[in-house]
Amino acid sequence: MPLDSPIISFTILIAAILIIPPVFERLRLPGLVGLLVAGVILGQSGLRLLNSESDTIQLLSDIGKIYLMFVAGLEIDLVQFRKTRDRSIGFGFLTFIVPLVTGIGIGQLFHFGWNASFLIGSLLASHTLLAYPIVSRLGVVTNEAVTVTIGATIFTDTGALLVLAICVGIHAGGFSSLSLFSLLAGLAIYAVAILFGLDWAGKAFFQRSGDEEGKQFLFILLALFIASVGAQVIGVEKIVGAFLAGLAVNDVLGRSPIREKIEFVGSVLFIPCFFVDMGLLIDIPAFLKTLGSLGLTAAIVGGLIGSKFVAAWLAKLWYGYSRNEGLTMWSLSLPQVAATLAATLVAYQSLNPAGDRLIPETVLNSVIVLMIVTSILGPILTAKFANQLPLASSDSLHGAPSIWWEDQYCDISDRTQRTFKVLVPIYNPQTQRNLLELAALLSSHEAGQVVTLAIAKAHIHMDAPELETTLTQTQQLLDQAIAIGEDFGVPVTTKIRIDDEVALGISRTSREVQANLVVMGWSSTTGLRARLFGSVIDKVFWSSHCPVAVTKLRISPAAVRRILVPVDGLTEQSARTVRFAQVLADVNQAQVILLHIFPRRTASMQMEQFMRHLLNFVARDQTASTIEVKTLAHDNVAVAILQEARTCDLIVLHTIRHRTSAGLEVSNVTSQVVQEAPCSFILFGERA
């Protein structure tokens, strides 16, 4: 079969995306670098199995390019931006204008035209929050300097794409002051239409479509491509439209399951195709020649590092931040991945009527080197400097609600008047006893009651024999549940619901009965089907109005004597998780072990500070359970938790998921612990 067959090309791409990145990650190199290397190996400089000029590669790369910018816009935290809007804009201006001027100077130094020089400056002006998972793990996300840097991303990315749009327009020829004004006016009108129009249309569509996630997914994809096509219509590069579309649907999606599906599709397919295509464009002889001359590459890499440092230091002086806060801002703003690479490819492929490129191959090669250097250097420096930042004080949790199972915003009088209710969906006779025992123990502690729920799959005809059989079986399960409740002296109420969607049936019933907690059994959330269509657990976590405890119990809950609770930071969520564990410990006279894992190179000052805050938090609690606070120095959080779990009966976790702006998933500690746990576990989570 010919190698230029679309199916053959696609098969080779999928194989490369699947095999190469994990190899580089084992070598402690970014998986993105592996995708670039895969492109070089498979391209004209290597095995010649893929051709960047083929229709298949160009289509997948174009989709990956706009998907990359869409995800970059989608992952900008607008809530964080609004909290420190003025300072984020201030730092955003500094970390945009200083690299822009530096890039212009580099362009002029190497005798590029003014248009190309401005374009080089814009490539240095944006930044990618590649090290966000590091500051999150260290518990310093709430530090103002970190929050300001996160918020500044919206300014730098928007500004860089605006400069790109102007430079590409000028390079296309026939550009005048009038056409420049027309372009800016058209871009302003277009941006307002996209940001407000898609936001309004998205909210209206999601409200009308209800639970139809397939239609919602298609709507978001349609919005992305309409915005990209609209950008081309007004004479602007399509990645500008994709970025604006990401910002526009940010509030629409929130943290819904649709958001994860969109990111998943991009991260496993389209975005990697874009990086492989970047590798296909690398001409090894020309690349080595660029590195050999060193001048331009060293100037771009050095100029980026230096200009980002100057911008961060000016912000430090301007806002009165500490030395380590200024250095953390610098390291967070160093990585150049998403907007930089997408804009570079657009500029490289932009031709004027004479057939000349906006930027030559030497700039393309230098930017690839810049990406590799900064994507490695930025996270390393962030881990070093963020280690020295002060942690949020435990005093911020002093106002945490004493009733752990209620919404922190509920009225106190309403909390005390309501009866505590635990909803237990049952469907597996082999696991329902342990679930009901856990619910009964929690209910007895709060003098509450248990509500058991059995869901029968709906049929078109309500008199269908299959439905009658299902209802009979579910009633038998509920009768057994009543007997178990009597054993523990806890009142049990039973409910049968006929519903098309199990997860939403659980969430709707919990709201109808005003449940305070949902206790449900564990089912796998891994695998392609669960990732694409969402598991029952994912949907209940997202849609439930109250906390949800997902359990896999190997022993009777009444036999639990040692409960391990990993604590990653002093947050409201971690405080509630600790209190949930304490309630179960009080019933069983068990011991709670609070475990915090530090990276091995964590500063001793920060370790001591966290321990002090954690001990203060524990000392304020008046519960009868015994609490032990333990810390470990380990670079693999999941392995450390699993080691400690060997001497415990139960692990209580809350779920955390992080993704980089490039759309690639970062290691999920919770998933690994759940898969390899040597004892029972409970995932305790609240609504997003």
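**α15 and α16**

I started with helix α15 (residues 295-319) and helix α16 (residues 323-332), whose axes come within 8 Å and cross at roughly 140 degrees. Axes here are lines fitted to C-alpha atoms, for helices over the stretch in contact, with angles from 0 to 180 degrees between N-to-C directions. Helices are DSSP runs of H or I with at least four residues, strands are E runs of at least two, and both are numbered from the N terminus. α15 and α16 are therefore oblique to each other (under 35 degrees is roughly parallel, over 145 roughly antiparallel, 65 to 115 roughly perpendicular, and the rest oblique).

Next I noted who touches whom, with contact meaning heavy atoms within 4.5 Å. From α15 I listed I305, K308, F309, A312, W313, A315 and K316, and from α16 R323, G326, L327, M329 and W330. By class that contact has 8 nonpolar, 1 polar and 3 charged residues (Ala, Val, Leu, Ile, Met, Phe, Trp, Tyr, Cys and Pro are nonpolar, Asp, Glu, Lys and Arg charged, the others, Gly among them, polar).

**Ground rules**

I am working from a predicted model, where local features need pLDDT of at least 70 and side-chain atom pairs 80 or more, while totals for chains, interfaces and linings use all residues. Residues are numbered from 1 along each chain as its sequence is written, and side-chain values use heavy atoms, leaving out hydrogens and water.

**The sheet**

I then traced an open sheet of 10 strands with mixed pairing, in the order β3-β2-β1-β4-β5-β10-β9-β6-β7-β8. Two strands pair if DSSP finds at least two bridges between them. From one strand to the next, the twist averages 25 degrees.

I looked at one pair inside it: β5 (residues 548-552) and β10 (residues 680-685) are antiparallel over 5 bridges. There K552 stands opposite F681 in β10.

**Helices on the sheet**

Helix α27 (residues 637-645) packs on the sheet, touching β6 (562-566), β7 (591-598), β8 and β9 (650-653), and its direction makes about 155 degrees with that of β7. Helix α28 (residues 669-676) lies across β9 and β10, at about 160 degrees to β9.

How do α27 and α28 pack, and at what angle? I get about 35 degrees, with axes 9 Å apart, and a right-handed crossing. V637, A638, V639, I641 and L642 in α27 meet V669, Q672, V673 and E676 in α28. I count that contact as 7 nonpolar, 1 polar and 1 charged.

Conventions
Left-handed = near helix turned anticlockwise from the far one by under 90°.
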